[in-house]
Amino acid sequence: MVAASKNTAGRKPARIRLGMVGGGQGAFIGAVHRIAARLDDQYELVAGALSASPDKALASGRELGLADDRVYDNYEAMARAEAARDDGIEAVAIVTPNHLHAPIATAFLKAGIHVICDKPVTVHSADARKLAALARKQGLIFAVTHNYSGYPMVRLARQMVKDGRLGDVRVVQAEYPQDWLTEPLETTGQKQAAWRTDPVQAGGGAIGDIGSHAWHLADYVSGLALAELCAELSSFVPGRAVDDNAQVLLRYANGARGAIWASQVAPGHLNGLRLRVYGSRGGLEWSQEQPNQLRFTPFGQPTQLLERGGAGFGEAGARVNRIPGGHPEGYLEAFATIYSEVAQHLRAARGGKAGKPDKASHFPTIDDGLRGVQFIEAVQRSSRQGGRWVKLPTP
């Protein structure tokens, strides 16, 4: 992993003071964010509003070693108090259900605190546009954790497309099948299933939860502007209030075509995110369940299996690599890459001798978050209209 910026004395800057909203006891994604933030030793969690229940929030904070006076009953109190402290948080991680992202992010941006938010960034694109405008007005960083763009081999794939090794991109295929909602798990009291299948809290089903990841991966690697789409959303489990299967056709501005399939009712698939990109000179294929490998086929030549840390790895992948090839890196490390890329920019925002980020450092921003919500809304609109083609807003 590329080293963090250092000051002129060569001493490593102090860890970034991080807060968290959501992510208390029993929350899967909160633990993932905390591990990712600490993996490269860039952050220290110092405050949180970890649950809507004050008792659970306090218990969660104590488990994490937070001081009692830095554990808050609600995010509004946390934003006010932390902004007033000399040692207050520099950034907040938002890991709540989707419908809470916008009001929480708004409160912290207004308090002058940088934001790292889970995806989708909001339920409605109008809210995402307001957040983008507020972040720009405040001069603050707003990162969105589309974590799959942190994999070294995904970085390599993106660079290969940019370098023209595939020629003109013609076809983009992304899929993300899972099977965990094949039965009505939400009726059993399982917390994750309950909120992710609630249209008020989630804003959508499979298309928002995992389809947005498939969209971002295709967008990130191909570099193409999505012009319009047609879609069909299905709810196969009786009584389910959101979609559990999505099929989307894509038309890109350059004339390329594509498709996205996202399903949470596909038995035999645990987390089957996969991307294929085909151009006039060759094709690429990457699978999240074998993330250390990238298949590259120059047209008319044998397929090459590129491996993380191996020959042909390239600088784009190498700069976010941590360990030698043959030692697998996976989901947590990719997530940590996003956090560590953001850390470089947070340190630069401190000013003084904090240093500048690596020019190659990048991460998904609120603009990516806005496009993601616009994609979800376009899919939903197309499906409601019987699969009509729907144009996407231009960036």
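## Salt bridges across the chain

A salt bridge is a side-chain nitrogen of Lys or Arg within 4 Å of a carboxyl oxygen of Asp or Glu. In this predicted model, E186 and R240 form such a pair, and their closest N and O atoms are 2.8 Å apart. The two residues belong to distant parts of the chain, 54 residues apart: E186 is in the loop between β6 (169–177) and α7 (191–196), and R240 is in the loop between β7 (226–234) and β8 (245–252). E186 has a relative accessible area of 18%, and because the limit for a buried residue is under 20%, E186 counts as buried. R240 is buried too, at 7% relative accessibility.

R319 and E341 form another salt bridge, again with 2.8 Å between the closest N and O atoms. R319 sits in the loop between α10 (315–318) and α11 (331–349), while E341 is part of helix α11, so this pair ties together parts that are 22 residues apart in sequence. Both R319 and E341 are buried.

The whole structure holds 28 salt bridges. Some residues are joined in a network of them: D69, R70, E82, R85 and D87. Side chains of opposite charge can pair when their charged atoms come close.

K119 forms a salt bridge with D209, at 3.8 Å from N to O. K119 lies in the loop between β4 (114–117) and α5 (125–138), and D209 lies in helix α9, so the contact ties together parts that are 90 residues apart in sequence. Both residues of the pair, K119 and D209, are buried.

K119 also takes part in a cis peptide bond, which runs from K119 to P120 and has an omega near -15°. P120 is in the loop between β4 and α5. For background, most residues other than glycine have a negative phi, and most peptide bonds are trans.

## Positive phi angles

Where does D41 lie? D41 is in the loop between α1 (28–39) and β2 (43–49). The phi of D41 is near 60°, a positive value in a residue other than glycine. D41 is partly exposed, with a relative accessible area of 26%.

## The nonpolar cores

The largest nonpolar core has 49 residues, and V221, L229, V248, L294 and F375 touch the most other members. Helix α9 (residues 206–222) gives the most to this core, with 9 residues. Another core lies apart from it and has 31 residues, including M78, A105, V121 and L370. In soluble globular proteins, nonpolar side chains tend to be buried together.

Which residues does L229 touch, leaving aside its neighbours within four places in sequence? L229 is in contact with V248, L249, L250, F375, A378, V379, S382, R388, W389, V390 and L392.

H216 has a relative accessible area of 2%, so it is buried. Beyond its neighbours within four places in sequence, H216 is in contact with H146, S149, P364 and D368.

Helix α12 (residues 366–384) has 19 residues. From its first C-alpha to its last, α12 reaches 27 Å, close to the 27 Å expected at 1.5 Å a residue. Of the 19 residues of α12, 14 are buried, so this helix is largely enclosed by the rest of the structure.

## Cysteines

How many disulfides are there? The count is 0, where a disulfide needs a pair of cysteine sulfur atoms within 2.5 Å.

## The loop residue T303

T303 is found in the loop between β12 (293–298) and β13 (304–307). At 40% relative accessibility, T303 is partly exposed. Apart from its neighbours within four places in sequence, T303 is in contact with R295, F296 and T297. With T297 there is a polar contact between the two side chains, at 2.8 Å.

T303 and D198 are 105 residues apart in sequence, and their C-alpha atoms are 44 Å apart in space.

How values were computed. Residues numbered from 1 in each chain as written. Predicted model: local features only at pLDDT ≥ 70, side-chain atom pairs only at ≥ 80, totals over all residues. Heavy atoms only, no water. Core = buried A, V, L, I, M, F, W, Y, C linked by side-chain atoms within 4.5 Å. Buried < 20%, exposed > 50% of the residue type's maximum accessible area, 1.4 Å probe, protein only. Helix = DSSP H or I, 4+ residues; strand = E, 2+ residues; numbered from the N terminus. Contact = heavy atoms within 4.5 Å. Expected span 1.5 Å × (residues − 1). Polar contact = N/O pair within 3.5 Å; in protein donor to acceptor, adjacent residues only side chain to side chain.
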